[in-house]
Amino acid sequence: MKTQRIWGSLDPFYESGPILGRKVANSGFLNGLLEADPFDEYHFFLSGEGVRQGLSNFFQTNYPAIMDAGRIKLMDRRDLPAEIASRDYFCFHQSDCINYPPHLARVRNKYARNIFPITGTTHSLSYSNYGSFFLNYLWKGTTGRDCIVTTSSTGIVVVEKYFKHLREGLGLSEETHPTPQIRKIPLGINPGQLAPPDEHLKTQAKIRLGIDTSDERINILVFGRIAHHSKMDILPLLRALQRLFASGMNREKVRVLLGGWVDEEDDFPATLTQLGRNMGLELSIIGRPSEAKKIDLYRAADIFVSISDNPQETFGITVLEAGASGLPVIASDYDGYKDLVVDGETGLLIETIGPEATPELDLMAPLCFDNHYHLLMAQQTAVNTPKLASGLEKLINDPQLISKMGAAGANRVREQFNWSTVIEQHISLWEELNTVPVDKEALRDILHPVQVRMGETFSHYLTETLSPETKLVTGTTGMAIYQGREFPLMYKGVDRFLKEQVIRKMAFFARKPISAAALADKIKTLVNGMSERETQFHILWSLKHDILEKV
């Protein structure tokens with residue numbers, strides 16, 4: 001009999017709201033996974049009814065055949081222990097490595113029939129509270145089947161440094177506090193309409209954007225969040241163009257298009273517009289463009305520039321989109337861009353320089369908003385302005401080089417960064433992780449040190465705790481339930497942990513005084529496999545609701 005391959009997650013991957021980098025990446029992964037369709041079933045354990053309904057609508061619209069075949073299951077997250085105890089899962093994958101993987105590993109170790117791999121992907125890695133999140137991975141329940149998937153070579157080093165600093169500060173060893181594996185799998189794109197345009201498509205895009213098609217300006221496109229504190233500072237690009245104008249380049253030779261997210265009431269875009277006007281540069285800002293307008297921007301452009309200087313940026317999906325559109329990319333030699341641009345072949349990498357350490361900033365970062373310390377980091381990360389100017393000049397003056405680099409970039413993106421190729425890499429990783437030896441039984445009762453032991457922590461609030469010797473008898477409400485005059489009233493959210501037939505039977509079993517241990521034994525005869533904790537919950541709930549009372 002063929003063993004089912006079941007993929008699981010605690011995340012929806014698809015989210016509504018403003019379409020920013022992380023959401024684009026996660027929805028791209030989900031679409032790539034379901035289009036490849038390598039598993040028998042896909043199980044999503046979600047946190048609320050609204051999230052489940054939204055994801056259900058998405059699947060019904062986009063993947064009705066898989067949904068109607070019952071191969072996509074949307075479950076309540078509280079169902080997780082019972083589900084992983086009843087079947088083998090091939091893997092669980094999280095859309096982010098930060099929130100859940102270590103705690104999911106604890107639940108897996110306790111209940112699962114098999115120690116399935118748990119993987120999670122990195123996105124932004126620069127938030128000041130991430131040290132505490134990565135600390136959650138350093139516990140004895142981490143196995144060789146657990147893996148953090150970083151999207152870039154530089155991201156691997158960041159995660160390694162997090163663990164290094166935690167070990168140094170807390171005196172932890174690899175033997176007593178193992179780390180998960182760390183592997184690199186890039187994000188991807190589904191090129192779709194993103195392809196090098198012919199002259200007709202390019203002209204039509206310019207018309208829709210209101211760009212004069214009669215001039216021969218080189219259109220320089222920048223795409224991202226248009227904010228001085230996020231992802232990249234645009235000013236160095238304008239300074240580089242100022243250099244070119246000062247050295248004799250005709251101002252009417254270039255145009256700058258800034259497309260991307262604009263925060264309401266942010267005056268920075270207006271500052272950029274004024275600066276462009278002052279230097280005689282034609283500069284247009286296209287805020288919050290639709291998907292169709294974004295494609296027009298890529299088609300109308302000749303050169304793509306992304307000079308990231310902010311550690312908040314870790315990958316660069318827009319760099320891939322621009323490459324797929326046949327644009328040579330001028331990018332800062334920084335973060336994940338190092339993996340995305342082949343210098344001199346698909347574009348140009350412009351060197352950067354910055355601090356080796358920032359001790360004063362580090363002290364204050366946990367006490368400040370993230371945009372405060374990101375801004376301070378970015379403002380001491382310098383993209384080499386003369387080299388940026390030189391790179392721009394090189395491409396602006398050589399249309400053949402623009403075409404050559406653009407074609408090379410488009411081929412590279414389509415071959416290495418399409419979602420189908422990326423999904424194949426994930427499948428290979430999950431298959432490999434499943435072969436790593438683990439001692440399943442040794443993991444069962446290893447407690448996670450940061451998980452609050454609610455019962456133990458607050459047990460002293462009580463007058464006494466339930467013990468096996470506690471004597472119980474049917475209460476007033478219990479007698480009414482037993483005689484059919486009342487019924488158990490269970491709140492939504494608690495009802496999933498209670499069985500009405502057990503409650504009714506307890507009222508019968510306790511007509512005469514009985515110890516909690518003896519009552520628990522009788523309960524277990526009613527429901528096969530009911531645990532000690534489950535019986536205790538039924539008894540205590542019944543005491544709370546006057547179905548039982550203490551003798």
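## Helix 1 and its surroundings

Helix 1 is followed by Asp-37, whose phi is positive, near 50°. The model is a predicted one, and the values below are computed from it.

Helix 1 itself has 16 residues. From its first C-alpha to its last, helix 1 reaches 22 Å, close to the 22 Å expected at 1.5 Å a residue. Its buried residues are Lys-23, Ala-25, Asn-26, Gly-28, Phe-29, Leu-30, Gly-32, Leu-33 and Leu-34.

Helix 1 (residues 21-36) packs against helix 18 (residues 419-433), with axes that come within 9 Å and cross at roughly 75°. Angles of 65 to 115 degrees count as roughly perpendicular, and the two helices are therefore roughly perpendicular to each other. The residues that meet are listed by helix.

| Helix | Residues in the contact |
|---|---|
| Helix 1 | Ala-25, Gly-28, Phe-29, Gly-32, Leu-33, Ala-36 |
| Helix 18 | Trp-419, Ile-423, His-426, Trp-430 |

By class, this contact of helix 1 with helix 18 has 7 nonpolar residues, 3 polar ones and no charged ones.

The other site is in helix 11 (residues 291-300), which holds Asp-296. Is Asp-296 buried or exposed? Buried means under 20% relative accessible area; Asp-296 has 8% relative accessibility and therefore counts as buried. Leaving aside residues up to four places away in sequence, Asp-296 touches Ala-205, Arg-208 and Leu-209.

Definitions and conventions. Residues numbered from 1 in each chain as written. Predicted model: local features only at pLDDT ≥ 70, side-chain atom pairs only at ≥ 80, totals over all residues. Heavy atoms only, no water. Axes fitted to C-alpha atoms, helices over the stretch in contact; angles between N-to-C directions. Helix = DSSP H or I, 4+ residues; strand = E, 2+ residues; numbered from the N terminus. Parallel < 35°, antiparallel > 145°, perpendicular 65-115°, else oblique. Contact = heavy atoms within 4.5 Å. Nonpolar A, V, L, I, M, F, W, Y, C, P; charged D, E, K, R; others polar. Expected span 1.5 Å × (residues − 1). Buried < 20%, exposed > 50% of the residue type's maximum accessible area, 1.4 Å probe, protein only.
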